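User: Please take a close look at the ligand site in this model. Which contacts hold the details, and what surrounds them?

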Amino acid sequence: MNILPNDLHRQYSLHAAEYEEKALEVLRSGWYILGKEVEAFEAEWAAYIGARHCVGLASGLDALWISFRLLGVGEGDEVIVCSNAYIACVMGISMNGARPVFVEPDEYDNIDAEKIEAAVTPRTKAILAVHLFGQACDMDRVMEIARRHGLRVVEDCAQSHGNHWRGRTVGTFGDVGCFSFYPTKGCGAFGDAGCIVTGDADLAERFRVYRNYGSERRYHNRVVGTNSRLDELQAGLLRVKLRHLDEFNAERRAIAARYTAELENPRVRLPRVRPGADCTWHQYVVHAERRDELAAFLKERGIGTIIHYPIPPHLSQAYAYLGKKPGDYPIAERYAGEVLSLPMYNGMTAAEQGAVIDAINSWEP
Ligand SMILES: *Cc1c(COP(=O)(O)O)cnc(C)c1O
């Protein structure tokens with residue numbers, strides 16, 4: 001058996017005719033950028049998330065950096081982010097000239113809210129709450145600390161499409177919720193796409209202007225903006241995906257529940273779900289001290305896995321200028337050496353999952 005860590009073709013196959021019909025409809029419409037599909041998707045995504053406004057953008061990274069730009073976070077400012085974040089989270093901060101300040105994750109693989117306050121300085125302007133792996137951060141604590149110190153809150157929901165913190169959808173707690181629709185994400189496009197949600201009408205309008213060269217009306221430019229437009233084809237296809245997102249999330253929850261019930265190996269620590277959070281299982285991430293041996297053992301049996309992520313941002317070459325060294329964030333560094341994402345995708349068969357479970361349960365290094 002050959003099992004991929006993520007098999008996008010399976011998910012496509014579940015509703016292929018619907019995607020193909022929509023793609024042809026858009027191709028034949030003669031209108032390809034910022035049109036009725038984008039408008040309809042923005043309204044539908046806002047309704048799904050429970051936010052007042054949604055603005056479609058070209059990627060998740062754009063959603064992040066434009067958020068900090070429009071919230072006035074720049075040179076000389078600091079933004080708090082978890083030390084085990086995806087590199088794009090950190091780039092969204094540093095692209096504006098602001099400095100990322102890392103806070104270690106807790107046992108739920110997300111920012112340890114108890115450690116945030118110690119990282120606040122007079123330069124701190126914002127907290128980036130990254131809902132990693134499909135699990136919500138403790139947004140009660142994050143919002144309470146932000147309010148006490150007058151900080152902005154941006155949520156990175158790229159891996160959390162439709163999960164909740166105490167019953168409320170993530171992306172609706174902070175000033176802005178950022179989403180990526182990269183193909184592997186919960187509601188994945190067939191190319192690059194992203195969006196923001198916000199409850200602030202003025203801020204939403206500023207995103208709309210900023211994404212299109214800063215123009216309110218064609219050729220009337222209010223500010224120096226960028227090109228970060230969502231195209232009609234992706235928006236149309238995302239509308240089809242969104243119709244099935246609850247079904248996709250339910251399937252992922254069922255796959256995760258079976259892993260949790262049947263995986264049994266003392267050398268493999270299963271993911272923990274924070275009380276109050278529900279999880280959409282963007283990844284099913286186990287921890288194992290001898291992770292590399294486990295990955296090699298599975299590979300020999302035709303089972304693919306991925307490491308999210310092998311190098312914590314502070315040790316990445318791109319961030320050498322921050323002057324960090326090994327040992328500065330020991331929890332993130334340990335996690336980078338022990339996390340392993342098991343195969344998880346819509347359309348995964350019971351037999352495939354059974355093979356993964358049997359292999360892991362039989363692993364004796
Ligand atoms: C995917 C991802 C991003 C970046 O999204 P792109 O659409 O690839 O630019 C940002 N943050 C997190 C947590 C992600 O998983």
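Analyst: In this predicted model, a nitrogen atom of the ligand sits 2.7 Å from an N or O atom in the side chain of Asp156. Gln159 also contributes through its side chain: one of its N or O atoms is 2.8 Å from an oxygen atom of the ligand. Gly60 uses its backbone instead. A polar backbone atom of Gly60 lies 2.8 Å from a ligand oxygen atom.

Now the cover. The ligand alone exposes 380 Å², and the protein buries 91% of that. Two elements each give two or more residues to the shell around the ligand: helix H4 (60–70) and helix H5 (87–94). H4 supplies the largest share, three residues.

Next, the shell as a whole. There are 13 residues around the ligand. Those that come nearest are Gly60, Asp156, Gln159, Ser180 and Lys185. By class, the shell has seven nonpolar, four polar and two charged residues.

H3 covers residues 36–49, which is 14 residues. At 1.5 Å a residue, H3 should span 20 Å, and its end C-alpha atoms are 20 Å apart, so the two values agree. The buried residues of H3 include Glu37, Glu42 and Trp45. Val38, Ala40, Phe41, Ala46 and Ile49 are buried in H3 too. After H3 comes Gly50, with a positive phi near 85 degrees.

Definitions and conventions:
Residues are numbered from 1 along each chain as its sequence is written. This is a predicted model: local features need pLDDT of at least 70, side-chain atom pairs count only at pLDDT 80 or more; totals for chains, interfaces and linings use all residues. Side-chain values use heavy atoms; hydrogens and water are left out. Helices (H or I, at least four residues) and strands (E, at least two) are DSSP runs, numbered from the N terminus. The expected span of a helix is 1.5 Å times one less than its number of residues. Buried means under 20% relative accessible area, exposed over 50%, partly exposed in between (1.4 Å probe, protein chains only). A residue is near a molecule or strand if one of its heavy atoms lies within 4 Å of it. A polar contact is a pair of N or O atoms within 3.5 Å; within protein, one must be able to donate a hydrogen and the other to accept it, and residues adjacent in sequence count only if both atoms are side-chain atoms. Accessible areas come from the Shrake-Rupley method with a 1.4 Å probe; for residues, only the protein chains shown count as cover. Ala, Val, Leu, Ile, Met, Phe, Trp, Tyr, Cys and Pro count as nonpolar, Asp, Glu, Lys and Arg as charged, and the others, Gly among them, as polar.
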